[in-house]
Amino acid sequence: MGSSFRFRDDTPHEEPAVTLDAFLEQEDATAVRLEAGEDARQLIPYLDRLQLIEISFPRFRDGRGFSSARVLREAGYKGELRAEGDVLIDLIFFMRRCGFDSIVSEHSLNPVDVDAALNRYHHVYQNATDNAVPIWKLRHG
Amino acid sequence: MYKYDQYDQAMVDARVEEFRDQTRRRIAGDMNDDQFKPLRLKNGLYLQLHAYMLRVAIPYGTLNSQQMRKLADIARKYDRGYGHFTTRQNLQYNWIKLEEAPDILAELATVEMHAIQTSGESIRNISADQYAGAAADEICDPRPWAELLRQATTFHPEFSYLPRKFKIAVISAKTDRAALRWHDCALRIVRNEAGEEGFEVYAGGGMGRTPFIAYPIRDFLPAKQIFSYLQAILRVWNLHARRDNIHKQRMKILVHELGEEEFRRQVEEEFQNFLALGTDFPQAEYDRIAAYFTPPPFETGLSEEIDRSDPDFALWVDRQVAPHKAPGYAIANISLKPIGGIGGDITADQMDVVADLAERYSFDDLRATHVQNLVLPHVRKADLYTVWQVLREAGLADANLDLVTDVIACPGLDYCSLANARSIPVAQEIQRRFADMDRQLDIGELKIKISGCINACGHHHAGHIGILGVDRKGTENYQLLLGGSGAEDTSQAKITGPGFDEAGIVDAVERTVERYRDLREPGERFLDTYRRVGLDPFKEAIYG
């Protein structure tokens, strides 16, 4: 069971992700996992050397990870940003817009349905952390 | 009013297809109900006691005749020939089949309507002053900002799985007709000394089991920065709210726990981040939206005279008609509170009548109010008599705005799966008790609000007289509260003491009202007297 989707071309990072506490003790680690509720901003001094940040979604209703992801991308993080856990099809579009480029779901998600969900909306109303051009910009050139 | 362009239309069309696909996956068993529930809720679809309920968004309470006729068609085709206007200016259908819900959304999309984010843990449909664009006392029409925020908050990727629901209201008048400070985020448009437009911002309001009145978090926010500021509020809440207890996840609880100062500090810090990201909509987009809300072509040189020779009409004018900013025009309120009816309910045929009136006599403009009534915002005074005659013919000419029979009541245990007690029969019994028009007029302004459970959809915390239905050992029991307000003098009602059964609560209301009549000084409303004398004299009358 479970399924994963990756939306970047580089080689997947193979090192296991350490906990935030462990990372703050041994800053040479290159992969870290944030539990829901942990403060993503604590990672900001180390973003250059991090290659994978995994953000946990313990329950699909718990949307804290969307904000954590944006905080990291807004601070300039370029490495892999992975959503892990109770990830359902209808969250993935929003996750992509918040900067996630890797999904590891505990569910077996149908790739055709995922693809449909990702391509359903051709436009967006607001800026986020992706490159989508908001409708107001399309309206005014 | 606002008109969709190709982009807005594409968004709602895609939403219909998305929900069709989600419903298909649910029916095929690819999702369990726990997984489907948040998705259907984000499309306004609740599972109630007897059937699905669909809540249709009426952004900032504004709709046109074509939309009203579509609501009537849907009521006939998919429901039982009626709909229910809610305390958030929306419309609910009570008897919906899940498999037909995508078709209803498709029908709504043909008239630029939807049910997006009318429920669930999302940024809800934005409410506004129902007199917007017509009120004599407003600074400007608040709806362009409400529409801008509607777009900005639709499918917001960061804030679609919030800790709980999030409600926004926008007004621009000193008089508050929108229960402003009972919202999570309340915006009042003001001008600073330089004449610039901005918002007075209030945060952390809400009813439910732990009521809070929103506190002033910002005296003046430059209007064009509103989206940054709103996102800052949402991010602080989204990151820091509890997630372990659904009853403690509304933003008001976080504000209370952090304290107003600390919450403000965190919001200001996050606000600087959002300003730097450049996510605010440009002036050109505001101007584009505002152009849809330019005032209709009011005639000039109209008479201010109203022929009051018909006493029933004169009574209706006195109660239901409010001053308009344009000479010769008036705002006409349509009561959906006939004695013994179900407050907020309207039949499909009545919807058609109201749509015709809006089209002919109100520049095709119609409003829903949070008090579950309707408004024709721009009626020539010379047309009021004709309008009244048509309304009377349709059973819509009650003259009880803000009187004791203009009761707000949630659907309660007659419909709602969350309710502990029935609300509708209590409202009806109160109406019957006070049906006499002379008595109603003598009592004057008195806002009674009834909720069938602590979730407070019937706004009992904001009632001059509030009633809360609870379940006590398997029987319905009703608590009485006094002294609340949802107007500019916002206050939270206080519980008087032990509760009553269904007959007892109506008696208790009557004793309260009679005590007010004994105590009042000239010109005092019930609320004024209560505030002057306090709870004790009323407790004495109620409990003896």
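## Interface between chains A and B

About 3,800 Å² is buried between chain A and chain B, and carbon and sulfur atoms give 56% of this area. Buried area is the accessible area (1.4 Å probe) that two parts lose on being put together, summed over both. Tyr121(A), Tyr125(A) and Arg139(A) supply 20% of what chain A buries against chain B, more than any other three residues. In contact terms (heavy atoms within 4.5 Å), 35 residues of chain A meet 50 residues of chain B.

This is a predicted model, in which local features need pLDDT of at least 70 and side-chain atom pairs count only at pLDDT 80 or more, while totals for chains, interfaces and linings use all residues. Residues are numbered from 1 along each chain as its sequence is written, chains are lettered from A in the order in which they are written, and side-chain values use heavy atoms, with hydrogens and water left out.

Eleven salt bridges are counted between the two chains; the rule asks for a side-chain nitrogen of Lys or Arg within 4 Å of a carboxyl oxygen of Asp or Glu. One of the salt bridges joins the side chains of Arg139(A) and Asp5(B), at 2.6 Å from N to O.

Helix H2 (64–74), helix H3 (89–97) and helix H5 (135–140) of chain A each supply at least two residues of the side that touches chain B. H2(A) gives the most, with seven residues. Helices (H or I, at least four residues) and strands (E, at least two) are DSSP runs, numbered from the N terminus.

## Antiparallel sheet of chain B

An open sheet of chain B has five strands in the order E1-E2-E5-E4-E13, with antiparallel pairing; two strands pair if DSSP finds at least two bridges between them. Strands E1 (45–47) and E13 (345–347) of chain B stand at the edges with a single partner strand each, so one side of each has no neighbour in the sheet.

E2 (residues 52–56) and E5 (residues 91–96) of chain B run antiparallel and are joined by four bridges. Tyr52(B) has Ile96(B) as its bridge partner in E5(B).

## Mixed sheet of chain B

Another open sheet of chain B has five strands in the order E16-E17-E18-E19-E20, and its pairing is mixed. Its edges are E16 (408–409) and E20 (494–495) of chain B, each with a single partner strand.

Eight bridges pair E18 (residues 465–472) with E19 (residues 475–482) of chain B in the antiparallel sense. Leu468(B) stands opposite Gln479(B) in E19(B).
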